[in-house]
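Here is a quick tour of a two-chain model, written for someone who likes the cut-offs spelled out. Have the viewer open and follow along.

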2 protein chains.
Amino acid sequence: MSDPLVIFTPSGKRGHFPKGTPVLTAARQLGVDLDSVCGGRGICSKCQVMPGYGEFSKHGVTVAGNALSEWNAVEQRYKDKRGLIDGRRLGCQATVQGDVVIDVPPESQVHKQVVRKAASSRPIVMDPATRLYYVEVAEPDMHEPSGDLERLADALRDQWDIGAIHADLHVLRKLQPVLRKGAWRVTVALHQGHQDTQHKVIDIWPGYYDGGLYGLAIDLGSTTVAAHLCDLQDGSVKASSGIMNPQIRFGEDLMSRVSYAMMNPGGDLEMTAAVRAAINDLVRVLTDEAQVDPTLIVEAVFVCNPVMHHLLLGIDPVELGQAPFALATSGALSLDARDMDIDTVNPSARTYLLPCIAGHVGADAAAVALSEAPDKSDDLVLVVDVGTNAEILLGNKDKVLACSSPTGPAFEGAQISSGQRAAPGAIERVEIDPVTKTPRFRVIGSDLWSDDPGFSEATATTGVTGICGSGIIEAVAEMRLAGLLDASGLIGSAAQTGTERCIADGRTHAYVLHDGRDEGGPLISVTQGDIRAIQLAKSALYAGARLLMDEIDVDKVDRVVLAGAFGAHISPKHAMVLGMIPDAALDKVTSAGNAAGHGARMALCNRSDRAAIEATVGQIEKIETAIEPKFQEHFVNANAIPHATDPFPHLPELPKVSFNTGGDAQGGRRRRRRA
Amino acid sequence: MSDPLVIFTPSGKRGHFPKGTPVLTAARQLGVDLDSVCGGRGICSKCQVMPGYGEFSKHGVTVAGNALSEWNAVEQRYKDKRGLIDGRRLGCQATVQGDVVIDVPPESQVHKQVVRKAASSRPIVMDPATRLYYVEVAEPDMHEPSGDLERLADALRDQWDIGAIHADLHVLRKLQPVLRKGAWRVTVALHQGHQDTQHKVIDIWPGYYDGGLYGLAIDLGSTTVAAHLCDLQDGSVKASSGIMNPQIRFGEDLMSRVSYAMMNPGGDLEMTAAVRAAINDLVRVLTDEAQVDPTLIVEAVFVCNPVMHHLLLGIDPVELGQAPFALATSGALSLDARDMDIDTVNPSARTYLLPCIAGHVGADAAAVALSEAPDKSDDLVLVVDVGTNAEILLGNKDKVLACSSPTGPAFEGAQISSGQRAAPGAIERVEIDPVTKTPRFRVIGSDLWSDDPGFSEATATTGVTGICGSGIIEAVAEMRLAGLLDASGLIGSAAQTGTERCIADGRTHAYVLHDGRDEGGPLISVTQGDIRAIQLAKSALYAGARLLMDEIDVDKVDRVVLAGAFGAHISPKHAMVLGMIPDAALDKVTSAGNAAGHGARMALCNRSDRAAIEATVGQIEKIETAIEPKFQEHFVNANAIPHATDPFPHLPELPKVSFNTGGDAQGGRRRRRRA
């Protein structure tokens, strides 16, 4: 055995190969992750490698300068035309001549890792369902008649070891002209989902094609439809955009849309048509922005709550509006984009919908589970995706539980007297001086605090228009920290609190955050009604989390992950002062940002992740809050700020104030319970 | 082992079963072919059996009168409501109590055999891809949330042992209301093609549904689109109809349609739209006639030549118009009907296109091969499907060859001076008295011969309008038998033949079959030009057959099967006098009728037959006549009537006349060759 030893890094895979073996061939035989679209013909340059020379004591070899064949004309031509980093070789051109250590740089790996944003989220590792393959197809022969598709299949089998293929009529229609235009050399985009036994030909180009393949990761929310246009070869995001969900005209929240479908025959189909049109609009926006040919979009992944899931598919969501909240289908779905009337993408494009967890816990929650992977956590982690409904996951690698809790829209700034959506001009951060009781704040669109010099100028165009969801949480928590609010949620009077900012508001009080009336703006205050709305919402959220903790029989969690666009803006301290979440060390409360969107990107870029989340969802234990008596109990007990029963050792001591002046001030649920 | 012995006939399957075992259960465990849609719930009555009593010496058992449980209330109720043949029992109700012999009547077998028409054709044995299953589905449970589709899948697995299922959005949309309307009891139509790993839910009905499932066997010809509407449970034909192929307006024959596509950008799509619209029209005709709900049509099978195949699929047929005659795809195709714009059937209906054999030998020839099964024949059989092109198969179980031969339209009555399509008034049978040289004939629409009393009255409405394809063949052959025509194909003059019916026609002669001019009708004659056209056609057909015989290296065949609507009307004797086909004993020349249509029905009713013909087509050796030099040689040698080289010992001796009076009379190809 005097065959040279070839060692690949970073994988460490090694083997002996006869002199003259191309590096790409050696890599393939060892199962080293080295990309190639042209199959070793010196066309695509995807197989770039970096040989090392000298002594590699760790590997026990010394690599001579002539360990690889000499730089050749194909490599020189490529370097002249497109450039090649010094020292790099094309794996299909360089052949093994002696012992050698060869590094495969990340960009030459198919299964490369994409840079991740949130620390808690799992990385995206490329393993796309759709990939490009360059092939040389045999010409037709009258003596051995066979179809062009069959000869393409033969070429893919012989040159790429790919089994059975099939194709839509769209592709069959262009197959013959493209094969002839390319002189029997073509590049095909083949799709194989994680459950497919065959490859599907999505598209075909004459000759060698390297113009990219793209996919959409779409987060279909009740209010907003947001999408990333992703490169399916390197995972990069080429454009991101969001538009309002046009279904809002049929009802602001999900249940009013379900009602619309119930009350109006065909109403579900109106909403289906609206959201599909919006998706097509959004695709146009993204492809315009990224200057990408829409027919290069070959896949789309959707995450959404169950009602949006059904409305997207054209299924009447009526069953989701009433117990037992039965889904038409809970499993993941692989469909043709055209069956969903998505006609702005490649006509053969495929879509994938993540599985729903339960009637109230949708594919968006599954995407959060994929991104944050509680099922792979050693710690017991609580993942909360805060929106109109809060999706809550609790677990570790032994067990994961999920539920949904009806927090209502208060956390999104709705049903708040000065509330508004998160938009420029909305107060998003609040601090209240505990001594002077004077607030300062920041608005979306400016980095300045309201007491910083130049704030007025910086916010002149937007003004200060209201409070968004994260702002109201900070405001209420800061009011509690400043002693303006007692544990029961009552706002004190000016006399009780010592600040004229606590003004009378009917029989209760309100705290003035900002008075813009002199400049023609609004008076922005937090009213007793606002406090009650936030109390209802946070009690629901806490009660859901607490219910899952009961099921696992724990009193505390190791970490908390706040997911969702809103979760990204919540300050952990304020969330805990409010009692939204169970007590945890502040450094153990992190934001995962748009975890559902990240999960959608994972499923878009990696088909193994699709299989993984389907298996995970099958293992998740679902808890239905609506039928758990303990949910009501936790809900009531969680009304205080923070709530009455559980200790919060990680919080600073809160002012021991009490403004309880009689039953009148008690609003919301507790008053109703007494009646 | 005192468990009773149960013997099923006609299968002969037997086994011992504990007392109390339902007959249906015993049948299933033994793999006896006993139908059931309701799964043994006493609803569908598909499992009717006929127990025998007394001594069965052949089986070695004596069956006592109480060998089965007593007649029960379910059986009585069924008998009262729907009737039951005396002695019959429901297999799911009657339980085994002692040794018993149980006959499964044909109508209780799933894999029942359908009565066949042509003796040569293979029988249709039911094994449809789409079948009905009645199931009881678990209700949704908030504690164990799962989708309705997933619980339906569970029920199918538990109650029918059926694996993974999937469903179109059409079905998902109706799933929830149907499940609730049926109180969680539903009947589903499941489709599983021979290559499918999953079952597809095609449709769903509340409760027990037995309103039938239907399929279409469509023979898409260049001139006519013909279809059978078939019951997918018993294979019976509920309606048959045909309409003109509207593509005729783009060109009478295939090559002119290919030219149209080449000359007119988008012309192929015009033709695709035309034929798809025609198919939808035809489906409406069939469902109206049979009074069948179109949404109960769940499958369609297509057979057609390669050009029609491509035009149906929306593929430009340009490559089929020029060597090397490359098909876009030659394999069988399973598609959604809606992808072919067939919107008159169930929205989830599936279609199946048989494979094409070669660029000139289409799925219609494959269907003939399926029907006539040369690959299963001990004899060497020649199968000829006569049309504008003749498809020719030759072989036995060792080897099958196929080719296509360009006979042109003469056999269909086109390019014949008095020719017409087969329609009422067309002469279809001809006899010429060899002594008096007087003809008699029959026309389509009447059973009388022209010299029978009452012929004029019987044909008064249609008249005698021309000669159809089978008529011209008989006329030419009879002229040869009567000595009016010599072996070279020359028509003699009145002087040479002794009949005034041989009239001068320019520099050649014509034979008058019928002179209707006194009644305002046409003069119907066979001209020298007609003879030349038939000679060209028959030479092409014979040369194709001869080419295949050369490949197998034989001088004679054991049997000849004439297929096609036209083949059904050709008289074997006349075909042989003409030299259309090689010599064979007359009783070995049979007609298979519409073998392509029969093959389509087989593929419709039996998915194993689909797998079988795909395998067979893969084994068939294709011969391209256009590039075989011997084809030209055979073609020239076959010009004589019958042809010059091969002996026809099975024919009566033909008159040894010769009218060769000089070069002028030689028309067509031979004249051109001399020039």
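## Overall picture

Chain A has 675 residues, and 53% of them count as buried (20 or more other C-beta atoms within 10 Å of a residue's own; 12 or fewer makes it exposed, anything in between partly exposed, with C-beta atoms placed from the backbone). Keep in mind that this is a predicted model: local features need pLDDT of at least 70 and side-chain atom pairs count only at pLDDT 80 or more, while totals for chains, interfaces and linings use all residues. As for labels, residues are numbered from 1 along each chain as its sequence is written, and chains are lettered from A and ligands numbered from 1 in the order in which they are written.

Chain A holds 18 helices and 31 strands; these are DSSP runs numbered from the N terminus, with helices being H or I of at least four residues and strands E of at least two. Its C-alpha trace spans about 95 × 65 × 55 Å along the principal axes. Take the contacts in chain A with a separation of 6 or more: 68% of them come from residues 24 or more positions apart. A contact here is a pair of residues whose C-beta atoms, placed from the backbone, lie within 7 Å.

## How the two chains meet

On the A side, 35 residues are in contact with 35 residues of chain B. Helix 3 (148–160) and helix 4 (169–181) of chain A are the elements that give two or more residues to that side, and helix 4 of chain A gives the most, with 5 residues. Sorted by class, the side of chain A that touches chain B has 17 nonpolar, 10 polar and 8 charged residues. The classes go like this: Ala, Val, Leu, Ile, Met, Phe, Trp, Tyr, Cys and Pro are nonpolar, Asp, Glu, Lys and Arg are charged, and the others, Gly among them, are polar.

The same surface serves both copies, as 100% of the contact residues of chain A recur in chain B.

## Helix 4 of chain B

Helix 4 (residues 169–181) of chain B has 13 residues and should span 18 Å at 1.5 Å a residue; its end C-alpha atoms are 19 Å apart, which agrees. The expected figure is 1.5 Å times one less than the number of residues. There is still a kink of about 40° at B:Leu175, shortly before the proline B:Pro177; the bend is the angle between axes fitted to the seven residues ending at a residue and the seven starting there.

After the helix comes B:Ala183, with a positive phi near 50°.

Most residues other than glycine have a negative phi, and most peptide bonds are trans. Which peptide bond of chain A is cis? The one from A:Ala323 to A:Pro324, with omega near 5°, and A:Pro324 is found in the loop between helix 7 and strand 18 (333–336) of chain A. In chain B, the bond from B:Ala323 to B:Pro324 is cis too, with omega near 5°.

A:Phe325 lies in that loop of chain A and has a positive phi of about 55° although it is not a glycine. A:Phe325 is buried, with 20 other C-beta atoms within 10 Å. A:Asp161, in the loop between helix 3 and strand 11 of chain A, also has a positive phi, about 60°, but A:Asp161 is exposed, with 8 other C-beta atoms within 10 Å.

How values were computed. Contact = placed C-beta atoms within 7 Å.
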